[in-house]
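Subject: A structure for you to look at

Hello,

Here is the structure I promised to pass on. Please open it beside this email and follow along.

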Amino acid sequence: MNTISISRRRFAQLLGAGAACAVVKPAFSLAVEPAARSTITSVVRLSANENPYGPSPKALKAMNDAFDLSCRYPDEHNDLLIDALAKINGVNRDQILLGDGSGEILNLCAETFTGPTASNKKGRGTLVVADPTFEAIVNNASVNGAEVVKVPLTRSFSHDLPKMAAAAKEGLVYVCNPNNPTASITPKNELREFIAKTPRQTMILVDEAYYHYADSPDYESVIPLIKDYPNLIVARTFSKIYGMAGLRCGYSVAQRETIERMRPHQMWDSVNIMALAAATVSLNDPDQVANGKRLNSEAKTFVTGELDKMGYKQIPSQANFIMINVKRPVVPLIQAMKQRNVQVGRLFPALPNHMRVTIGKKTEMETFLSAFRQVMA
Ligand SMILES: Cc1ncc(COP(=O)(O)O)c(C=O)c1O
């Protein structure tokens, strides 16, 4: 038996399969115990804004190849991904910091700019966020004892940047664009103006987790602005369009000095070798982004058309999920959908009559619609 088959078998055993797997894709599906597998397939999971089409075939192969190197620390793989990201984003490699998912980047920003060592007079920064938005960073900052200011979204569900600017002190402003859970965008001109006006001692984190799904002419990434603003950080993830949510890989782009402030708060080698290998080759797969966008758009057009016919409006979506106005409290509906094996998003207290639904495959959206019709009847 050669070393490749030994390392694959060890991996499969660790996951509970107990058998070596020679082919790439089955290696992952066979590694799930039968009971768990049937649970996964019988439930339609539209609750976490994942990409149902999964990683690029190139990524699966790269992970398979990386099994053999699992005994090594991931330094070279780390460097390769940083090089690739620097090139794609038109920045130097010292302007990229990888994270164990972009969730780690959010946590690092909270820690660095609102935590006990944040460089302001009180030793704690303020975090300013929209309401509703992705709550992870709120939890990260609160646990550090930071003050959190929540500013309601505007009537068009964009960030109310003038109000956020007024609330901002030393610390951090978090702008999620497109925003989770509303799938709405904050227009590029407003965001540019906000970044230009914000005092340099206030850090701005723009979370672009859903960047690839946005196609509005009013939307743009702010990565090209980083060269002019030392207080600007952008977070990106491989969990969405690259279909790698379970692998955990994300990154931030900022000026070198800003990255150097964040780095000491991070655990060494926080991204594993498989995720690094998969992420690096995903960037070179021209089909991954194009197919992911197209399939998402087709399934979204289908489900939003059906909801329109039923009279349920949605916030216009620039992401891989939709926010539906269900015209009544959503909590019992979430439960009722779950009883029909369809998982939808959690309650967002600022929008208690809205249901967040991830765009899955078309067949999954058909199952969703069937359950939705039943629970709304
Ligand atoms: C806006 C936003 N940012 C960050 C994340 C975290 O993503 P990950 O840690 O998987 O990269 C999510 C996850 O859903 C998200 O919606």
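Below is what was found in it, taken part by part.

Two points on reading it come first. Residues are numbered from 1 along each chain as its sequence is written. The model is predicted, so local features need pLDDT of at least 70 and side-chain atom pairs count only at pLDDT 80 or more, while totals for chains, interfaces and linings use all residues.

**The sheets**

Helices and strands here are DSSP runs numbered from the N terminus (helices are H or I with at least four residues, strands are E with at least two). Two strands pair if DSSP finds at least two bridges between them.

At the strand 4 end, strand 3 (residues 126–131) and strand 4 pair in the parallel sense over six bridges. A130 has V151 in strand 4 as its bridge partner. For contacts, the rule is that the C-beta atoms of two residues, placed from the backbone, lie within 7 Å. For angles, axes are lines fitted to C-alpha atoms (for helices over the stretch in contact), and values run from 0 to 180 degrees between N-to-C directions.

Another open sheet has three strands in the order 9-10-12, with antiparallel pairing. Its edge strands are strand 9 (314–315) and strand 12 (354–358), each of which pairs on one side only. Strand 10 (residues 321–325) and strand 12 run antiparallel and are joined by five bridges. In that pairing, I324 stands opposite M355 of strand 12.

**A loop to look at**

The peptide bond from N177 to P178 is cis, with omega near -5°. Another cis peptide bond joins N180 and P181, where omega is about 25°. A183 also lies in this loop, and has a positive phi of about 65° although it is not a glycine. As background, most residues other than glycine have a negative phi, and most peptide bonds are trans.

**How the helices pack**

Two packed helices are described by the angle between their axes and the distance between the axes.

Helix 11 (residues 273–282) packs with helix 4 (residues 57–66) at an angle of about 145°, with the axes 8 Å apart. Helix 4 passes helix 11 in a right-handed crossing. A crossing is left-handed if the near helix is turned anticlockwise from the far one by less than a right angle, and right-handed if clockwise. Helix 4 brings K58, A59, A62, M63, D65 and A66 to the contact, and helix 11 brings I273, M274, A277, A278, V281 and S282. These residues divide into nine nonpolar, one polar and two charged. In this grouping Ala, Val, Leu, Ile, Met, Phe, Trp, Tyr, Cys and Pro count as nonpolar, Asp, Glu, Lys and Arg as charged, and the others, Gly among them, as polar.

Helix 11 also packs with helix 5 (residues 75–89), at about 30° and with the axes 9 Å apart. That angle makes helix 5 roughly parallel to helix 11 (angles under 35 degrees count as roughly parallel, over 145 as roughly antiparallel, 65 to 115 as roughly perpendicular and the rest as oblique). The crossing of helix 5 and helix 11 is left-handed. Here H77, N78, L80, L81 and A84 of helix 5 meet I273, L276, A277, A279 and T280 of helix 11. By class, the contact has seven nonpolar, three polar and no charged residues.

**The ligand**

Which residues come nearest to the ligand? Of the 13 residues around the ligand, they are G101, S102, G103, T237 and S239. A residue counts as near if its C-beta atom, placed from the backbone, lies within 6 Å. The shell has four nonpolar, eight polar and one charged residues.

Enjoy exploring it!

Best wishes
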